[in-house]
Amino acid sequence: MITADQVLTGRDALLAATGHHPYARHALWHDPEARGWRRDGAVGWLLPPEQGPAGGALGAPGPALDVFAGLVADGVLREGQWLHLPRADRDEVTARLTVARLDEWDFLWTTAAPPRQPAEERVVRLTEADHPALAALIEESFPTTTSRPGDPRIVDWYGIRDGDRLVACGADRSRGDVGFLAGLTVATDRRGRGLGAALTAGMTRALAARYGLVALGVYTDNVGAIRLYRRLGYTGTEPRSSVHLG
């Protein structure tokens with residue numbers, strides 16, 4: 001049972017409660033009947049199981065954790081599910097929830113086209129015929145990513161070739177009215193040559209023309225990538241903690 005200052009029903013009500021925050025627009029893209037709540041400076045929601053995370057929140061982390069701890073106690077949430085929550089201290093999270101894994105990352109966004117990058121003209125949209133090359137590159141250079149050929153969340157793939165070889169790739173996982181970049185990687189023997197900047201800029205430019213707002217997620221310990229994204233205009237920031245329930 002959710003103890004809340006206000007129960008919120010529907011995507012429109014939740015977006016209004018968050019001030020149409022870019023993260024909420026991204027997370028609540030699909031479910032017009034989403035259920036949520038407002039409590040002590042936090043706005044949270046539950047999501048259908050087919051969307052991936054079981055729920056999320058924006059605002060004050062403490063009240064959000066209290067509500068989700070209650071949902072775990074009531075059996076609404078269970079082991080193996082995960083939540084995308086406002087950044088919280090690890091001890092604060094583990095005091096309320098049984099945690100199998102806790103990841104800290106930043107949701108970054110931009111509303112402007114990036115500065116033009118050298119080699120950006122080499123960025124091309126890929127096709128299904130490129131899936132074997134994509135799979136090989138990802139396995140070699142970014143094996144921990146969840147963005148893979150055949151993933152239904154992916155709208156398009158983009159890449160850079162060196163002759164016949166695919167040396168960089170990224171997934172367009174846009175949804176709703178927010179463009180979203182994921183799975184960006186460069187072949188290990190081609191790093192340090194500006195290909196990551198070219199790929200990110202090219203994809204951002206393409207999606208900004210389509211959506212007006214483009215976002216991506218990056219782990220907080222990936223300092224080099226964060227520096228690059230800032231340079232390309234990703235100045236909007238929402239610190240996140242992903243909690244995998246144990």
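Author: Gladly! Let's begin with a term: a salt bridge is a side-chain nitrogen of Lys or Arg within 4 Å of a carboxyl oxygen of Asp or Glu. Keep in mind that this model is predicted.

Reader: What makes R190 and D162 a salt bridge?

Author: Their side chains meet with N and O 3.1 Å apart. The cut-off is 4 Å, so this Arg and Asp pair qualifies. R190 lies in the loop between strand 10 and helix 6, and D162 in strand 8, so the pair ties together parts that are 28 residues apart in sequence. Both belong to a network of salt bridges that also includes R165 and D189.

Reader: Why is R190 called buried, and what is D162 called?

Author: Buried means under 20% relative accessible area. R190 has 17%, so it is buried. D162 has 34%, which lies between 20% and the 50% above which a residue is exposed, so D162 is partly exposed.

Reader: Why do E92 and R96 count as a salt bridge?

Author: Their closest N and O atoms are 3.8 Å apart, and the definition asks for within 4 Å, so this pair counts too. A search of the whole structure finds 17 salt bridges.

Reader: How do you know that the buried residues of helix 5 line one face?

Author: The buried residues are L134, L137, I138 and S141. Seen down the axis of helix 5, they fall within an arc of 95°, so they line one face of the helix. These residues pack against strand 8, strand 9 and strand 10.

Key: Residues are numbered from 1 along each chain as its sequence is written. This is a predicted model: local features need pLDDT of at least 70, side-chain atom pairs count only at pLDDT 80 or more; totals for chains, interfaces and linings use all residues. Side-chain values use heavy atoms; hydrogens and water are left out. Buried means under 20% relative accessible area, exposed over 50%, partly exposed in between (1.4 Å probe, protein chains only). Helices (H or I, at least four residues) and strands (E, at least two) are DSSP runs, numbered from the N terminus. The arc is that of the directions from the helix axis to the C-beta atoms. Contact means heavy atoms within 4.5 Å.
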